Amino acid sequence: KKFDDNAIIEEIEYVKLNIPRLNKGVEMAAFGIRERFCSRRSTWNNKVDSTHKLAECRVQGPYYSIDLTDILVDKRTGMLKKSNGLLLKALGDSGFAAISTADSYYMPQILEIKYIN
């Protein structure tokens with residue numbers, strides 16, 4: 001691949017998604033999805049099916065933290081790879097979780113990307 005001479009290309013060490021917890025919360029995990037979808041047109045009748053569990057959601061202070069490195073980073077190149085996205089699900093009968101969406105001004109989700117020096 002050819003890159004712009006001024007571009008800084010570095011390998012990614014890890015990618016984490018930090019989602020603010022707005023209530024006590026529940027145990028959750030991230031699952032793959034069979035195909036991309038638009039949330040505006042999704043209903044319970046036409047929802048996209050999930051695949052296998054991709055990552056655990058860990059509670060870290062006021063956040064759910066999900067390590068997305070294996071999902072988003074190509075191990076050979078250390079660069080981002082294509083993803084259909086993911087689906088967050090409560091595990092078992094643990095109830096529900098109120099989480100902040102990505103467009104929240106009060107407590108937004110934080111995508112943390114650490115590069116290898």
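Visitor: Is Glu 13 buried, exposed or partly exposed?
Guide: Buried means under 20% relative accessible area, exposed over 50%, and partly exposed in between (1.4 Å probe, protein chains only). The relative accessible area of Glu 13 is 39%, so the residue counts as partly exposed.

Visitor: What kind of model is this, and what is the mean pLDDT of the protein?
Guide: This is a predicted model in which local features need pLDDT of at least 70 and side-chain atom pairs count only at pLDDT 80 or more, whereas totals for chains, interfaces and linings use all residues. Residues are numbered from 1 along each chain as its sequence is written, and side-chain values use heavy atoms, with hydrogens and water left out. pLDDT is the predictor's confidence in each residue, from 0 to 100. In this protein 91% of the residues reach 70 or more, and the mean pLDDT is 82.

Visitor: In which strand is confidence lowest, and in which is it highest?
Guide: Strand E5, residues 87-90, has the lowest confidence, with a mean of 85. The highest, at 93, belongs to residues 63-67, which form strand E4.

Visitor: In what order do the strands form the sheet, and which stand at the edges?
Guide: Two strands pair if DSSP finds at least two bridges between them. The six strands form an open sheet with antiparallel pairing, in the order E5-E2-E3-E4-E1-E6. Each edge strand has a single partner strand, so one side of each is left without a neighbour in the sheet; these strands are E5 and E6 (110-115).

Visitor: How many bridges join E1 to E4?
Guide: E4 is joined to strand E3 (residues 50-60) by four bridges, and these two strands run antiparallel. Within E4, Tyr 64 is the bridge partner of Val 59, while Tyr 63 has Gln 60 opposite. Pro 20 also stands opposite Tyr 63. E1 and E4 likewise run antiparallel, and the number of bridges joining them is five.

Visitor: Which residue takes a positive phi in the hairpin of E3 and E4?
Guide: This hairpin has two residues between the strands. The positive phi, near 60°, is that of Gly 61.

Visitor: With which side chain does the side chain of Asn 18 make a polar contact?
Guide: Asn 18 lies in strand E1 (residues 12-20) and is buried because its relative accessible area is 10%. Contact means heavy atoms within 4.5 Å; not counting residues up to four places away in sequence, Asn 18 touches Tyr 63, Tyr 64, Ser 65, Gln 109, Ile 110 and Glu 112. A polar contact is a pair of N or O atoms within 3.5 Å (within protein, one must be able to donate a hydrogen and the other to accept it, and residues adjacent in sequence count only if both atoms are side-chain atoms). At 3.0 Å, the partner side chain is that of Ser 65.

Visitor: With which residue does Lys 114 form a salt bridge?
Guide: A salt bridge is a side-chain nitrogen of Lys or Arg within 4 Å of a carboxyl oxygen of Asp or Glu. A search of the whole structure finds three salt bridges. Lys 114 has its closest N and O atoms 3.7 Å apart from those of its partner, Glu 13. The pair links distant parts of the chain, 101 residues apart: Lys 114 in strand E6 and, in strand E1, Glu 13.

Visitor: Is Asp 74 buried or exposed?
Guide: Asp 74 forms a salt bridge with Arg 76, the closest N and O atoms being 3.6 Å apart. Arg 76 is exposed, at a relative accessible area of 73%. For Asp 74 the relative accessible area is 18%, so this residue is buried.

Visitor: What distance separates the C-alpha atoms of Tyr 115 and Glu 13?
Guide: Tyr 115 lies in strand E6 and touches Glu 10, Glu 11, Ile 12 and Glu 13, not counting residues up to four places away in sequence. Tyr 115 and Glu 13 are 102 residues apart along the chain, and their C-alpha atoms are separated by 5.1 Å.
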